[in-house]
Amino acid sequence: MSKKRVTYYYDGDVGSFSFGLGHFMKPHRVRMAHNLVSAYGMLDKMTVLRPRRCSPEAMTAFHTDEYVDFLYKVTPETVEELTASGRRFLTGDDNPAFEGLFEFCSISAGGSIGAAQKLNDGAADIAINWAGGLHHAKKREASGFCYINDIVLAILELLRVFPRVLYIDIDCHHGDGVEEAFYTTDRVLTCSFHKFGDYFPGTGHIDDKGKDKGLGYSVNVPLKNGLTDDAFKHVFQPIVDHILEWYQPSAVVLQCGADSLAGDKLGCFNITMEGHAMSVQHLRKSGLPLILLGGGGYTMKNVARAWAYETACALGIEDTIDRNLPWHDYFEWFAPRYRLEVAENNMEDINTRDQYLNGVLKDVLVNLRALPFAPSVALQDVPRKSIGDVVSQKSEEDEEDDEGDHSDIDNRIKKVISRIYKDRMEAEWMSDSELEDVPVFEGSPSPSLDGAFRHSRQSTSANGFRHDRQPVARTKRQFFRSSLVWDPLQRDLRNNARRLESIHDATLEDIQSD
């Protein structure tokens with residue numbers, strides 16, 4: 001198996017957050033998975049990075065300003081006031097305003113955006129962020145334990161470089177937030193394998209295909225209770241293979257929600273660890289740039305097992321690791337078997353192959369065959385930096401305010417605009433202040449002061465060349481950010497002109513006196 005360059009994002013603080021006593025979502029599962037990955041010695045085989053925290057400005061690439069500002073400000077004490085008693089932003093009990101909410105969102109989103117940037121730079125073949133994959137978050141509200149949709153932010157980053165991106169979701173719940181974000185575009189094809197029926201979020205019907213330019217580029221595979229490994233493979237591989245062949249994606253994002261595993265507290269499928277990891281192995285063989293993200297999963301020890309095993313699949317070493325768990329900090333949590341496995345249970349599989357699965361597979365493939373081959377994208381200049389990076393750049397004034405209140409996003413945007421305007425003005429002043437070298441001709445009559453300082457106002461470009469492509473000598477020193485430029489030659493010419501004028505005046509006085 002060919003070796004892949006794998007980049008792994010992990011922030012140790014992510015396991016310290018709590019959604020509250022009794023809540024199903026446990027960020028601590030990411031720390032458990034990381035400890036298991038470390039115990040198997042996989043960290044030495046990857047590039048391990050701590051993600052840069054995502055800034056509020058970067059989050060607004062998808063989410064609204066007022067929603068991001070709300071997440072930045074909200075606390076358990078102010079949530080009633082800021083949400084109008086639960087009527088906006090945070091509705092229902094699924095998304096509490098816990099301590100450190102914005103920091104948790106910045107870690108999750110920062111890792112996914114960093115993974116996308118690694119693929120954009122060509123520095124990795126596979127990038128992993130198990131703290132990401134929060135696919136339910138909407139543009140202006142939280143949903144289903146998800147506050148910031150890190151997946152959408154990562155895909156938007158990928159679209160700066162890659163013309164087409166394929167998003168695949170194997171979470172037990174439908175990836176409604178990501179599908180909604182790209183429902184009207186053909187640059188992103190979303191494909192979700194999920195439980196459909198009387199089940200959250202209630203979306204993901206097979207006839208939900210997209211709209212306008214994105215018609216046909218939202219693929220939904222609705223499934224029923226008790227889905228097994230064989231049934232999952234029966235629908236996954238033909239559909240994904242057809243998409244890879246016909247849509248020709250340039251990069252793939254795989255959301256590895258672990259609530260589709262057997263025995264999950266909120267799931268209703270019967271997929272083993274190996275069956276779940278089949279999707280990772282299948283996409284790894286495609287050779288396309290790949291991002292692996294977390295997602296759901298509420299039986300923590302099984303989540304840790306699955307994500308550790310899928311990390312091994314990304315490295316191509318899943319056949320060499322010992323299925324008996326090595327000792328690590330959470331070894332006791334994996335009782336009583338202490339093995340790297342998630343076994344199936346006795347749940348009945350309602351997904352009959354002849355009566356249901358084949359019908360779903362046929363309908364999905366018919367819809368896919370109606371799409372044009374590899375939709376084209378107009379050529380365009382790609383900025384070296386993303387909008388989030390440019391907006392997040394700090395000036396000296398911002399550094400002084402780092403310990404102050406940054407909650408006013410409008411003021412921060414005004415500072416950025418002011419700084420950009422100032423930089424442009426300085427660039428114009430510099431181009432206007434470049435002077436030509438003025439030669440002194442021998443035998444010329446008494447030169448005047450105006451002649452000594454006459455210079456060309458011919459415009460120059462930013463790279464230091466005139467329009468006739470003749471190089472211009474750069475000045476070496478500049479003071480006080482003004483248009484005055486230090487030029488020793490001009491000083492000498494000025495002094496010589498003054499001496500010649502004084503000699504000329506003295507000579508005239510002598511002639512007149514004679």
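Buried here means under 20% relative accessible area, exposed means over 50%, and partly exposed is whatever falls in between (1.4 Å probe, protein chains only). This is a predicted model, where local features need pLDDT of at least 70, side-chain atom pairs count only at pLDDT 80 or more, and totals for chains, interfaces and linings use all residues. Residues are numbered from 1 along each chain as its sequence is written, and side-chain values use heavy atoms, with hydrogens and water left out.

**View 1. The chain as a whole.** We get 16 helices and eight strands; helices (H or I, at least four residues) and strands (E, at least two) are DSSP runs, numbered from the N terminus. Of the 514 residues in the chain, 49% are buried. Take the contacts (heavy atoms within 4.5 Å) between residues at least 6 apart in sequence: 78% of them join residues at least 24 apart. The exposed surface comes to about 25900 Å², with carbon and sulfur atoms supplying 50% of it; accessible areas come from the Shrake-Rupley method with a 1.4 Å probe, and for residues only the protein chains shown count as cover.

**View 2. Helix H1 and what covers it.** H1 takes in residues 28-39, and nine of its twelve residues are buried, so the rest of the structure largely encloses it. The buried ones are Arg29, Val30, Arg31, Met32, Ala33, His34, Asn35, Leu36 and Val37. Strand E1 (6-9) and helix H10 (300-315) are included in the cover over those residues. After H1 comes Gly41, with a positive phi near 75°.

**View 3. Lys45, in the loop between H1 and E2.** Lys45 is partly exposed, at 46% relative accessible area. Leaving aside residues up to four places away in sequence, Lys45 touches Leu315 and Ile317. From Lys45 to Tyr8 is 37 residues in sequence and 10.0 Å in space, C-alpha to C-alpha.

**View 4. The open sheet.** Eight strands line up as E2-E1-E3-E8-E7-E4-E5-E6, with parallel pairing; two strands pair if DSSP finds at least two bridges between them. Strand E2 (47-49) and strand E6 (218-223) stand at the edges with a single partner strand each, so one side of each has no neighbour in the sheet. From one strand to the next, the twist averages 15°. Zooming in, E3 (residues 126-129) and E8 (residues 290-293) run parallel and are joined by four bridges; Ala127, for one, has Ile291 in E8 as its bridge partner.

**View 5. Helix H8 on the sheet.** H8 (residues 229-246) packs on the sheet and touches strand E4 (165-169), strand E5 (188-195) and E6, its direction making about 175° with that of E5. Axes are lines fitted to C-alpha atoms, for helices over the stretch in contact, and angles run from 0 to 180 degrees between N-to-C directions.

**View 6. Helix H6, mostly covered.** Eight of the nine residues in H6 (residues 150-158) are buried. They are Asp150, Ile151, Val152, Leu153, Ala154, Ile155, Glu157 and Leu158.

View 7. A disulfide is a pair of cysteine sulfur atoms within 2.5 Å, and a search of the whole structure turns up zero. For Cys105, the nearest cysteine sulfur belongs to Cys54, 9.5 Å away. Cys313 is in no disulfide either, its nearest cysteine sulfur being that of Cys256 at 9.7 Å. Cys105 is buried at 3% relative accessibility, and Cys313 is buried too, at 1%.
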